[in-house]
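Please have a look at the sequence and the model first.

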Amino acid sequence: MNSTIIVAILSLAGTLVGSFGGIMASSKLMAYRIEQLEKKVDLHNNFAERIPLIEKDIKIMNHRIDDLEKENVK
């Protein structure tokens, strides 16, 4: 076999392995980043669910403060 053909075949094999390795690394990095974003979204959703409860508690506390102020005025 001609040495040029052998070099071409080895170059093709190296290119294929390198390209495949790059694609796999990129895929793993993308999956990791998506996972991290999903965790952040979950934290945000939990916070968004708790806000109405906090607002309700604040409203109750404000009513209690108003009642105490009215008692002190009397």
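Lys39 is partly exposed, with a relative accessible area of 44%. In this predicted model, the side chain of Lys39 forms a salt bridge with that of Glu35, at 3.7 Å from N to O. Glu35 is partly exposed too, its relative accessible area being 39%. How are the two residues placed in helix α1? Lys39 and Glu35 lie four residues apart in helix α1, so about one helical turn separates them. Side chains of opposite charge can pair when their charged atoms come close. The N to O distance of 3.7 Å between Lys39 and Glu35 falls within the 4 Å cut-off for a salt bridge. A search of the whole structure finds one salt bridge.

From here, step back to the chain that carries this pair. How many helices and strands does the chain have? Its secondary structure comes to one helix and zero strands. The chain has a radius of gyration of 32 Å, whereas the globule rule gives 11 Å for 74 residues, so the chain is more spread out than a compact globule. You can follow this in the C-alpha trace, which spans about 110 × 15 × 5 Å along its principal axes.

Leu37 is found in helix α1, and its C-alpha atom is separated by 36 Å from that of Ala13, 24 residues away along the chain. Ile9 also belongs to helix α1. Between the C-alpha atoms of Ile9 and Arg64, which are 55 residues apart along the chain, the separation is 83 Å.

What share of the 74 residues in the chain is buried? Buried residues make up 0% of them. Leu37, for instance, is exposed, with a relative accessible area of 51%, a value over the 50% cut-off for that class. The chain exposes about 7100 Å², and carbon and sulfur atoms supply 65% of that area.

Part of this surface is a nonpolar patch, formed by Met1, Ile5, Ile6, Ile9 and Leu10. Together these residues have about 550 Å² of accessible area. Met1 sits in the segment before α1, the helix that covers residues 3-73. With a relative accessible area of 78%, Met1 is exposed. Ile9, another member of the patch, is partly exposed at 47% relative accessible area.

Which residues make up the negative surface patch? They are Asp66, Asp67, Glu69 and Glu71. Of these, Asp67 is placed in helix α1 and counts as partly exposed, at 44% relative accessibility. Looking at the charges of the chain as a whole, there are 10 positive and 10 negative ones, and their mean positions are 5 Å apart.

Helix α1 holds the pair Lys39 and Glu35, whose side chains meet in a salt bridge. Met1 and Ile9 belong to the nonpolar patch, while Asp67 is part of the negative one.

Definitions and conventions: Residues are numbered from 1 along each chain as its sequence is written. This is a predicted model: local features need pLDDT of at least 70, side-chain atom pairs count only at pLDDT 80 or more; totals for chains, interfaces and linings use all residues. Side-chain values use heavy atoms; hydrogens and water are left out. The radius of gyration is taken over C-alpha atoms; the globule rule is 2.2 Å times the number of residues to the power 0.38. Buried means under 20% relative accessible area, exposed over 50%, partly exposed in between (1.4 Å probe, protein chains only). Accessible areas come from the Shrake-Rupley method with a 1.4 Å probe; for residues, only the protein chains shown count as cover. Lys and Arg count as positive and Asp and Glu as negative; His and the chain ends are not counted. The place of a charge is taken as NZ of Lys, CZ of Arg, CG of Asp or CD of Glu. Patches are made of residues with over 30% relative accessible area and no salt bridge: like charges are joined within 9 Å, nonpolar side chains (Val, Leu, Ile, Met, Phe, Trp, Tyr) within 5 Å.
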